[in-house]
Amino acid sequence: PLLLIFQPAPTAMASPVSTQLFSGTYPMSSSRRHYPRTKVGERGASLVLTARPSSAYAAAAANDENFHRFLSRTAPTDEEMKDSILDKSSVELYKLEARYTGNRIGIAAPEEKLELFVKDRRPGGLPSALRPQALQVLNRQLRSSERGGRAPTGHPSDQFYDAAAARVPPQAVPVTTQKLENEFLETLEQSLRERELTTPMWDRYARRAEELLITMSLEKVLRTLKAFVLAEYTNPDLYKLIGAELAKEVRGASSTRLCQMLHWLARAGLRDQTLMSLAGNEALLRLHDDFAADMYIEVLNAHATLDVRNPRLIAALLRDLTPMFATMSSEQVLTLLPLTVVTVLTDASRGAYLARCAELNMGLPARMTKPEILRHFRFLEECLRLEQHPTMLPGVIQEWLLQLRNAELEDTVPQPNLSPLKEDVLRVLQQEMDIPTTPVVQDGTLTLHLVMGKVVLEILDTYKDYYVTPAMGGQRLLRATTKQRQRLLWRRGWRVLSFDEDEWLALKDDIFKKDLLEAVLSGQHNLTSRRPPASAGGHR
């Protein structure tokens, strides 16, 4: 084969090695070059060229700087190649350990004496009148260091807890105390029969009741609650105290007493969630023991009136009561409140109840029914029509409701007289503010007072329109019946404006009364932001 060799012209900058290569003086060979292997860790050995002294490469390297010296000048050392200062050998870890192994590490024992220094940093220090008394308090021995931790002699907590004494059954109430309780209850009931309802007298009764309630039985507590409710006594502190005593007696109360308690709590407007939960749990345990249909209805009415719900109890009551509606008498049907029918009953139970009412033809014919019964079912029809919109009811029920609605012409509602407070408001509206006002307007079953066009002015009663709650120091809650009345008026197209009667009674001049009415009519009167007035007692 033909071998072509290109020889470039040598330049002045060409090295002797390149001159020999391309001039042909160096013998060209096609054999593979074998380079010696180097040991791992030998410093710079992998970069050293090993060549025969007689070769052209060795002659060219002799003219340059020694490569060993170049590497020793530029290559990093082992210490410089460490990643961090902690990258040390296993021996270096124990170099400084001998410093700490020979000595004992410890802290000095605390001193047995502790001194406290009291320094008054106030600018003027203690007044001279208080200085001796303050020093006496500071120098007094602590209670925990005297008499083994007992309270001073004569203090109620002077004795330690005695487990044996705690297991002793409670002692019977003394006969003298029981006699005082009976005389007190007889006095209350006699005052009710004789209609002696003056405020100072019932304030004294309330103070006496606070002293005797703690030893009264459940029956006597209920008699006391009933007397004050019928007298329309308005002091919330007494009702809260009665509720606290009733909570202690719930566990041992019979089913009849339990229903009576719920009834009078609803009448009093005592809305205590804890008490209602205790009573609801006890009623839930006794549903299948001795509860009758009337007792079912009483429990439902109490929950609707107080606007409290015990979901498990309500579900169990409705589950048992729904089949009973088909066999209820007219008296039992009448005891269920319209508020309960609208707000508590489910669709299935409400349909069963209305079917029984339509079957008994309650409230019809109108001219042969008592006015109270006719007005009761007419109000039920208005609540269902304005709030529930019963379009899916059977035809028999809808026909019965239509006949009740048409009985409005035959129901004559007596027009009540205005109270002195409302007459005073009417006088200010007509004479001081020149606003045409109608004293009384009848709209269906609702009687409206102080009507100005489509605006009705509602004066809220402190006792009848608000609940008695344990947290009455804050915002008060409207009763469910009051909210239902305002909803019906709103759905009938009325604008309802309201204020508390205590606000009006606190004003003595017509100028301030006029300012109050102007704020109410302009919508600038914030009713919910005011706290209830402090009442030491009261009577309606």
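These legends walk you through close-up views of a predicted model. Residues are numbered from 1 along each chain as its sequence is written, and side-chain values use heavy atoms, with hydrogens and water left out. Local features need pLDDT of at least 70 and side-chain atom pairs count only at pLDDT 80 or more, while totals for chains, interfaces and linings use all residues.

**View 1. The largest pocket has a volume of about 1,400 Å³.** Closest to its centre, among 40 lining residues, are Lys-464, Asp-465, Thr-481, Thr-482 and Arg-485. On a 1 Å grid over the protein atoms alone, a pocket is an open set of points with protein on both sides within 12 Å along at least five of seven lines, and lining residues have an atom within 4 Å of a point.

**View 2. Helix α22 gives the largest share of that lining, 5 residues.** Elements giving two or more residues include α22 (480-491), β2 (446-452) and β3 (455-460). Helices (H or I, at least four residues) and strands (E, at least two) are DSSP runs, numbered from the N terminus.

**View 3. Strand β3 is largely enclosed by the rest of the structure, because 6 of its 6 residues are buried.** Buried means under 20% relative accessible area (1.4 Å probe, protein chains only). Val-455, Leu-457 and Ile-459 point one way, and Val-456, Glu-458 and Leu-460 the other.

**View 4. Meet the neighbours of β3: β2 is antiparallel to it, and β4 (residues 495-500) is parallel.** β2 and β3 form a hairpin with 2 residues between them, and Gly-453 in the turn has a positive phi of about 70 degrees. Met-452 stands opposite Val-455. On the β4 side, Ile-459 has Phe-499 as its bridge partner.

Notes:
On a 1 Å grid over the protein atoms alone, a cavity is a set of points where a 1.4 Å probe fits but cannot get out, and a pocket is an open set with protein on both sides within 12 Å along at least five of seven lines; lining residues have an atom within 4 Å of a point. Grid points are joined across faces, edges and corners, and a volume is the space filled by probe spheres set on the points. Buried means under 20% relative accessible area, exposed over 50%, partly exposed in between (1.4 Å probe, protein chains only). Two strands pair if DSSP finds at least two bridges between them.
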